[in-house]
Structure formats: C-alpha cells, structure tokens
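Hi,

Here is the complex I promised to send over.

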Amino acid sequence: MSPSAFLSPVAEGLRRGLPIMLGYLPVGFAFGVLAVKNNIPPALAVGMSVLMFSGSGQFVFASLWGAGANALSIIAAVLIVNLRYLLQSAAETPWLSALPRLQRFLLGLGLTDETFAVQVTALQQGWSYNLTTLFVCNHSTQLAWVSGTGIGAFCGELVRDVKPLGLDYALTAMFLALLVPQCVSRLHVVVALFTAVLSIAFRGVGMSQWNIALATVIGASLGVWLLRRRDHSPRVCSVHTSADPDTNEREIQRGRHV
Amino acid sequence: MSDSSAYPSGLLLCLLGSVAATLLPKVLPLTFLKGDSLPPLLRQWLSFVPVAVMAALVGPDVFFYEGQFNASTSNLFLMVALPSLLLAWWSKNYFLTIAFGLGLVILARATGMY
C-alpha cells in the first residue's frame, strides 16, 4: 500500500479507492434491493447513501424499519453500530491536526471503515497526506456506493447474482490485505488476534450492533496495557527511558525494520 | 415538496435522526480534537485503534459465512482468507493480495466447489 511516487494526486486517490469501489458497488446494490423490500422508497434509499454513507448503519436502518420498529429505537441502533466511527475519527486526528477545521470536518464526512483503513495505513507508512488524494478516495468510493444503491433500488430485478464475480468477498479481501501491514510487531499481532476473536464472540452471543466498537475498545486497551507493562518491567527499562508518547511510534519503526 | 406526502413522515424523521447518528460520530472527533496535543496515554491508545478495528471487522466477516458461525472447510471465505493472509505476509503487496483472494473465490464458485 505504499504511495506511488509516479501518480498524480487524483490518480493516487482513485488507485486507493478502486478495491473499495469494487466492493461498494455490489454491497450498495444489495442495500438498494433490501431498502425497497423494507418499504423504503427508492429515491429515499439513494438519499440515505448520499447522506449517511455508512453500510452497516443503513442496513440496520432498513431491516428495523421493515420490521416496524419505532423511530427512537432505530436511531439508537444506528448510533450504536456507528460508535466505531468515533474511534476511527479520533485515531486519524494525530496526523491531520495541522489542517483547518473545515477541512477536517469535510474529511470526516467521507469516513467509512474502508476509507479509514486505506488512509490510516498510508499515513502510518509515512505518507505526508495530500488533500486531493484524500477527498478523491473518499468520494469516488461514495459515488460507487450511491450508484450501487441506485441500481439496486430502481432496477434490482435486472441483476441476478453478483456471487459468480466474487464481489461479495471484495471488502473482506481488502481488509485482510490492510490488516497484515498493521501487524508491525508481535504486540500488534496479539492485539489483532485478541480483538478478532472478541468481535466474533460478541457477535456469536447476539451483540451484532455492539461487537465492533466494544471489541476495538477492549483490544486497544489491551495493547496499551501490554506496552506499558513491558516498558515498565526492569529488563526493558534499561533500553527505554520511559513510556513516552512516542514509544509506540518507535515500536512501529522497529517492527518495520525487523 | 408536493410529493412529500408520498413518504410517511415517520420515515423522514427517523432518517433525519439516523443521519445525525451517523455523521456526528464521523466528524466530531476530527473536527474538535487537537490530535497533536492529546494526553500521551490517549495517543498511545489511539495508535492501537487501526489494528484493533480492522481485526474486529474482518474476524466476523471471515468466520460468519452465509449468516452462520462456520469454522469448517465448508466456509469458502475462511478457506480463501488463510492463504490470502500468508500471501499478504510474504508479498506485502496490497493489490496482489486482493486479486488473489477474489480470484480464488471466483475459481471455487466457477468449478462448483462452493
């Protein structure tokens, strides 16, 4: 995922967005079909994709609306499933704090699980951000999401099955390709395995709206706890001066060169 | 506005609330947190969020196949994810890993294995 030095900022944004677009088209399509099935007018389904741009939140909305849930419980469910955005948005701030507030706000609007994963990986790998690239990546993927929704909502019966194309696996394939470079040290591998198991377990016991945010909070806390415990143990203290804010950055640097 | 009566007003209200419930978590931290002056402990914690959130997303994606928890060989996504992980580790190539995974899924379905 290293940024290419040969591409224009627009092309670089499109390059990053491409695998996401491949995934968003069929998932957006599936949302459009489901929304209409659940008594949401097609135009409103498209409007949801423009305004919300949130896969899981929109699916929760459509299925609860179809089941006749009341407005407050639908909004609460959408909020719970979207709590992970708080974490992702906060995690991007150390890199983007030099930007004017309006631009950070606009970048926040384009945040999804997928754009977050792509952007933050590039930032971690030392990419000094380019606004054009960030916005092109965010909103080219949104265009795919909205287009998919429109096709699904207005002519869902025209497309039979996306399964032979393998596109229902596209986003999972992308997350795997981004998760591995995240594992820059043994500590990160431990956090990844622990969080994945926890998230599966939470979903297994029926917490399918809470599982991502809750597992992430616990997993990141485990990471900090392990890091601090290691840095405060006598053997390691002779190497590290103290647990300063950059310890983890050093950890990442070291991991990359191993 | 003339056709707004075609939409149940409850639906529009619910949509408005859900848009807020989606956009506020996305924009509030980025807009109002000063990322470079956060307490060290919080910054350290946030540095683990990317790896944790991606693992939290991909774990259920792989292990819940067709809506059911499935850790057996009949789970196509799990069977594809395992070699994809190895390839990602060795090749460190983002696009190759995605293409390999999609290719395996297409192949498995085209040959009728899944």
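What pLDDT does chain A average? The answer is 88, with 88% of the residues scoring at least 70; pLDDT is the predictor's confidence in each residue, from 0 to 100. This is a predicted model, so to speak of ground rules: local features need pLDDT of at least 70, side-chain atom pairs count only at pLDDT 80 or more, and totals for chains, interfaces and linings use all residues. Residues are numbered from 1 along each chain as its sequence is written, while chains are lettered from A and ligands numbered from 1 in the order in which they are written.

Chain B averages 91, and 95% of its residues reach at least 70. Its residues 1–5 are below 50, with zero contacts in the model beyond near neighbours in sequence (a contact is two C-beta atoms, placed from the backbone, within 7 Å). For the complex, the predictor gives an ipTM of 0.90 and a pTM of 0.86.

Now the interface: 84 residues of chain A are in contact with 65 residues of chain B. On the chain A side, helix H5 (residues 83–96) gives the most, with 14 residues; helices are DSSP runs (H or I, at least four residues), numbered from the N terminus.

The largest nonpolar core has 104 residues, and A:Phe175 and B:Met54 have the most contacts inside it. Such a core is a set of buried Ala, Val, Leu, Ile, Met, Phe, Trp, Tyr and Cys residues joined through C-beta atoms within 7 Å, buried being 20 or more other C-beta atoms within 10 Å of the residue's own. B:Met54 touches A:Phe175 itself, among others.

Cheers

Note on methods:
Helices (H or I, at least four residues) and strands (E, at least two) are DSSP runs, numbered from the N terminus. A residue is buried if 20 or more other C-beta atoms lie within 10 Å of its own, exposed if 12 or fewer, and partly exposed in between; C-beta atoms are placed from the backbone. Lists of a residue's contacts leave out its neighbours within four places in sequence.
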